[in-house]
Amino acid sequence: MKILAIGSHPDDIEYGCGGTLIRFAEQGHEVYLFVATCGNFGGSPEIRKQEQLNAAEIIGAKEVIFGDYIDTQVPMNQELIQRLENEINRIKPDLIFTHYPDDTHQDHRNLSTCAKSATRFVKDFLFFEGPTTQNFNPNIYVDVEEVITKKQALLSAHYSQVEKTNIKDVAITRFMESTASFRGIKGRVKFAEGFVAVRYFLDIPDNKPADIEVPEKFEELIAKEIKEVKKDNFTKQTKVKQKTF
Ligand SMILES: [Zn+2]
């Protein structure tokens with residue numbers, strides 16, 4: 001499978017779906033990241049770009065695409081929709097993650113809206129949460145207990161941002177762990193990531209015993225039976241009342 005995660009700033013994707021992406025990459029799936037800005041409002045863009053690349057390496061991502069939009073000025077326009085569509089047409093992802101649309105940060109809101117248009121032909125499309133998300137009520141969960149330490153490392157990789165939470169002595173890693181713990185409790189596991197699905201197709205696994213084949217004569221019998229049922233339906237007298245005018 002190919003997975004594309006779309007975030008506004010370095011560390012948004014890691015916070016929202018980093019554990020899930022680690023799990024996908026560990027299973028051999030291809031993970032791509034689209035990061036719209038370099039977060040120049042929150043620090044040096046060069047440093048933040050490097051931190052993003054370091055985090056992507058921990059995830060095991062195949063590629064990071066930097067949108068190079070200006071931090072706090074991510075637009076909601078046709079140009080960004082087209083930009084995302086071009087990446088989707090090139091990568092052909094099976095599953096896409098992005099910000100939940102109800103968010104106090106305009107970059108998150110605008111990117112979410114653009115992504116919703118750009119992903120309209122992609123089968124599976126999920127919203128993730130962040131510290132500024134509002135009214136988020138997940139309906140899809142991923143157990144991230146086994147990768148929670150790696151997820152901590154993802155956020156620590158964004159070294160310049162760890163303490164920038166606007167709450168004294170509370171680092172982003174603690175935000176993340178509290179969220180993962182809360183979502184975990186809701187899903188009855190220790191740590192989880194929660195998502196809201198725009199579309200999500202259930203995979204129905206093959207549960208047939210592997211070594212049983214239907215012999216040809218059975219197939220003939222089944223075909224005959226189907227024919228007789230059809231004939232029966234045509235000739236049988238039903239007790240259903242008919243109303244005639
Ligand atoms: Zn952000």
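**Exercise 1. How are α2 and α5 oriented to each other?**

Solution. Let's start with the answer and then work back: α2 and α5 are roughly antiparallel to each other. This is a predicted model, so open it and follow the steps on the coordinates you see.

- Step 1. Find helix α2 at residues 45–59 and helix α5 at residues 148–157; they pack at an angle of about 165°, with their axes 8 Å apart.
- Step 2. Angles over 145 degrees count as roughly antiparallel, so the label follows.
- Step 3. Look at the handedness: α2 passes α5 in a right-handed crossing.
- Step 4. Pick out the residues that make the contact. From α2 they are E51, N54, A55, I58 and I59, and from α5 they are K150, A153, L154 and A157.
- Step 5. Sort these residues by class: the contact of α2 with α5 has 6 nonpolar, 1 polar and 2 charged residues.

**Exercise 2. Which residues of α5 are buried, and what covers them?**

Solution.

- Step 1. Along α5, the buried residues are I148, K151, L154, L155 and A157. A residue is buried if 20 or more other C-beta atoms lie within 10 Å of its own.
- Step 2. Now look at the cover over these buried residues, which includes α1, α2 and α6.
- Step 3. Tie this to Exercise 1: L154 and A157 are among the α5 residues in the contact with α2, and both are buried.

**Exercise 3. What is the orientation of α3 and α4 to each other?**

Solution.

- Step 1. Helix α3 covers residues 78–91 and helix α4 covers residues 106–118; they pack at an angle of about 50°, and their axes are 9 Å apart.
- Step 2. α3 and α4 are therefore oblique to each other.
- Step 3. As for handedness, α3 passes α4 in a right-handed crossing.
- Step 4. On the α3 side you will find L80, I81, L84, E85 and I88, which meet C114, A115, S117 and A118 in α4.
- Step 5. By class, the residues of this contact divide into 7 nonpolar, 1 polar and 1 charged.

**Exercise 4. Which members of the largest nonpolar core touch the most other members?**

Solution.

- Step 1. The largest nonpolar core has 50 residues, and those touching the most other members are I3, L4, A5, I6, L21, L33 and I59.
- Step 2. Take A5 as a worked case. Leaving out residues up to four places away in sequence, A5 touches I13, C17, L21, L33 and F97.
- Step 3. I59 links back to Exercise 1, being one of the α2 residues in the contact with α5.

**Exercise 5. Where do D68 and R188 sit, and are they buried or exposed?**

Solution.

- Step 1. Begin with the backbone. Most residues other than glycine have a negative phi.
- Step 2. D68 is not a glycine, yet has a positive phi of about 60°. R188 also has a positive phi, near 60°.
- Step 3. D68 is found in strand β3, residues 63–69, whereas R188 lies in the loop between α6 and β7.
- Step 4. D68 is exposed because 11 other C-beta atoms lie within 10 Å. R188 counts as exposed as well, with 9 C-beta neighbours inside 10 Å.

**Exercise 6. Is K186 buried or partly exposed?**

Solution.

- Step 1. Locate K186 in helix α6.
- Step 2. K186 has 13 C-beta neighbours inside 10 Å, so K186 counts as partly exposed.
- Step 3. Finish with a distance: K186 and Y141 are 45 residues apart in sequence, and their C-alpha atoms are 9.2 Å apart in space.

Conventions:
Residues are numbered from 1 along each chain as its sequence is written. This is a predicted model: local features need pLDDT of at least 70, side-chain atom pairs count only at pLDDT 80 or more; totals for chains, interfaces and linings use all residues. Axes are lines fitted to C-alpha atoms, for helices over the stretch in contact, and angles run from 0 to 180 degrees between N-to-C directions. Helices (H or I, at least four residues) and strands (E, at least two) are DSSP runs, numbered from the N terminus. Angles under 35 degrees count as roughly parallel, over 145 as roughly antiparallel, 65 to 115 as roughly perpendicular and the rest as oblique. A crossing is left-handed if the near helix is turned anticlockwise from the far one by less than a right angle, and right-handed if clockwise. Two residues are in contact if their C-beta atoms, placed from the backbone, lie within 7 Å. Ala, Val, Leu, Ile, Met, Phe, Trp, Tyr, Cys and Pro count as nonpolar, Asp, Glu, Lys and Arg as charged, and the others, Gly among them, as polar. A nonpolar core is a set of buried Ala, Val, Leu, Ile, Met, Phe, Trp, Tyr and Cys residues joined through C-beta atoms within 7 Å. A residue is buried if 20 or more other C-beta atoms lie within 10 Å of its own, exposed if 12 or fewer, and partly exposed in between; C-beta atoms are placed from the backbone.
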